[in-house]
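Trainee: Hi! I'm new to this one, could you walk me through it?

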Amino acid sequence: MRYSQYFIPTVKESPADAEVISHKLMLRSGMIRKVAAGIYNYLPLGLRTIRKVEQIIREEMNRSGAMEILMPMSTPAELWQESGRWEKYGKELLRFKDRKDAEFCMGPTHEETVTDIIRREVRSYRQLPLNLYQVQTKFRDEIRPRFGLMRGREFIMKDAYSFDVDSAAADISYDKMYNAYRRIFQRCGLNFRAVEADTGSIGGSSSHEFMVLADSGEDAIVSCSACDYAANMEKAEARQVQVTDHAEPRPLERVATPEKRNIQEVSAFLDAATSSVVKSLVFLADDEPVLALLRGDHDLNEIKLKNLLRCESLELAPDAIVEKVTGAPVGFAGPVGLKVRIVADHTVAGMKNFIVGGNEKDLHLKNVNLGRDFSVNLFADIRNVVPGDSCPRCSDGVMEIWRGIEVGHVFKLGTKYSESMKATYLDAAGKEQIIFMGCYGIGVGRSVAACIEQNHDADGIIFPIPIAPFHCIISALNPKDESVMGAAEQIYTELTNAGVETLLDDRDERPGSKFKDADLIGIPLRIVVGNKNLVNGNVELKQRRGGEVELLPIADAMAKVRQTVVEALAQ
C-alpha cells in the first residue's frame, strides 16, 4: 500500500474534548473520527487494526469449538419482557417503536435473542453442548460517553453464549472460554490480568473480567503478591482477621462537634485517628433504611452490601430520610439508639472505645462499645480492600492495587435466562430439563484503545506487531530520486510477497515529517531508504519500540523484518 494513495488524515494537535491518550492518538493518527457523542467512524488505519483483533478472536473462538452466527441489532420488546430485563435494564437500553407501534430495543447484549434461537431449535441432550458467537455492533445509551472507544455508545463487540445440560458441563464450557480469552489477549500483545468480578446486570453465579493493566485505567484491580488471586475492587475479598482491642470499656461521653461532619473533620477536631472513628451510612435497600458501619479509614463497597442484602436497588438515603431515621442532619448519624437494621464490617467487631455520630446536630459520642451501647444485626465484608491487606486465599501474600481497563468478561449464567424464557431439552430418560448457560464478551474497539493506553510514548502509538495496521513502513527520503525510489519499491514488493504487511511512504515530504507520521501511527518496524546509505547498499532499520536503529545491507534488513514479524505472529 502506498501512503500517497492511502487515507491517513493525521493531525498535529489533539482535539479539546479528547481526555485520555488512546482517544487523542486515535484521532491524531487518523484512525477514527467522531460522528456524535460516543459514536465514531472507523477510518482505514483504525479499521485494519479492528479487523486484526477480530481475526484473532475468530481463530481462537473457532479453535475452542464455538460457531459464528450473526444476530440483528434490534430486538423485539417481548423477548426482553420474558427475561424481566425490559423494566430492569435502565436508560442505557435504547427503546424505539416501529411504524406499527411495536416496541423494540437496540441490543446492548444478546442473551434474549440467542436464548430464543436455542429454545426453538434444541430438543435433545444430544444437541448439546453448543457455543454460538458473533462479532457485531452494539448500542448502549451511556449517560456520559467519553474516552473515545473506551466508553462509547455504539461499539463493536464479540459476544458468545454457551448451552449445556447441567452445571458441571457449563463449568467445562466456561473454562474453555476462559482459556480462549487468555490466548486472545496474549496474541494481541497485551499485558493483562484475569480477575474475579461481580456479575452485575447480566446476572449469573460468577464471572471473571480480563483487565489490561494501564495507569489510565478506570477500574481498580487487586492482586496478591504471592499467589494467583486477583479480583476487581467490587469483588475483592477482605480477609477476616480477628483484631481485638483489649482495652477496658470507658464511660460513654457526649462531645460537641460544631459543624464537624465528615471523618477527617471529626478526627482532627477530637485529635483521634480516623481508624478510631466508625462511619455510619444510611442506605435505602429496596426503600427500607439500613445503617452500614465501617472503620473511618475504610471505604464502603456498595456492590458487596447490595449482594449481602439481596436487594434489587441500593442507594444512599437522601438528606430528608437520614434526618427522619436519625433525628439529625447528614454527618451526625450513629448506631446508638437507632431502630433500624444495622450491618457492620468485620473490622468493627474488634473495636473498643470508638467514636460515632450522636444522632443530634453538632454531636458525636466517644468511648462507644459494641454490646453495651448498641448491637449489630449482621457482620460481613462490606469494605473495599486496601494495599497491605492479607490475601484471602493464601497465608503469605498481601494485596496490591493496580489500575486496569476491562476488555473482556466471562459469566456463568446458570439458568437465569433459560428458565424465564423456557429453554429446555429432553434428557436421556425423556425428562424435560432446563439448559445451563454462559456468556462471554470482548470489546473489540475497546481492546484497541486499551492497547494504545498501554503502548505509547511521547511520539505516538507503539503497536504490537499482531494488531498493528501494518507491520513495516518504508520511508523513501527522496522519492524523486530514481535510485531511492527503485530500492524502496524493490523492498516493498519483496516484503509484501513474503507476507509482511508493508506501507510505502512515497510522499514528497520532508524526512522529519515522514518520521513523525510513522511514529504517530505506531508501525512497529521502519526501513529508511536514503541516498547517503544507499550508495553503500545499506538502509536503516528502526524498531518503533525502544527506538533501536541498525544500519544494514538491504537483504539483511528485509530478512530481519521477516524474521521479527514471523516470530511475533507465532506467539
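Trainee: Which residues form the negative surface patch?
Mentor: In this predicted model, the patch is made up of Asp-286, Asp-287, Glu-288, Glu-312 and Glu-315.

Trainee: Where does Asp-286 lie?
Mentor: Look at the loop between strand S14 (278-285) and strand S15 (288-295); Asp-286 is there.

Trainee: And how is Asp-286 classed, with what relative accessible area?
Mentor: Asp-286 counts as partly exposed because its relative accessible area is 35%, and that class runs between 20% and 50%.

Trainee: Okay, new topic. How many helices and strands does the chain have?
Mentor: There are 16 helices and 31 strands. The C-alpha trace spans about 95 × 70 × 50 Å along its principal axes.

Trainee: What share of the residues is buried?
Mentor: Of the 571 residues in the chain, 51% are buried.

Trainee: Let's go to Ile-474, then. Is Ile-474 buried or exposed?
Mentor: Buried: Ile-474 has a relative accessible area of 0%. You'll find Ile-474 in strand S27 (residues 472-476).

Trainee: Which residues does Ile-474 touch, leaving out those up to four places away in sequence?
Mentor: Among them are Ala-488, Ile-491, Tyr-492, Leu-503, Ile-527 and Val-529.

Trainee: How far is Ile-474 from Arg-95?
Mentor: Their C-alpha atoms are separated by 49 Å, and the two residues are 379 residues apart along the chain.

Note on methods. Residues numbered from 1 in each chain as written. Predicted model: local features only at pLDDT ≥ 70, side-chain atom pairs only at ≥ 80, totals over all residues. Heavy atoms only, no water. Patch = residues over 30% accessible without salt bridge, like charges linked within 9 Å, V, L, I, M, F, W, Y side chains within 5 Å. Areas by Shrake-Rupley, 256 points an atom, 1.4 Å probe, with all protein chains shown as cover. Salt bridge = Lys/Arg side-chain N within 4 Å of Asp/Glu carboxyl O. Lys, Arg positive; Asp, Glu negative; His and termini not counted. Charge placed at Lys NZ, Arg CZ, Asp CG, Glu CD. Helix = DSSP H or I, 4+ residues; strand = E, 2+ residues; numbered from the N terminus. Buried < 20%, exposed > 50% of the residue type's maximum accessible area, 1.4 Å probe, protein only. Contact = heavy atoms within 4.5 Å.
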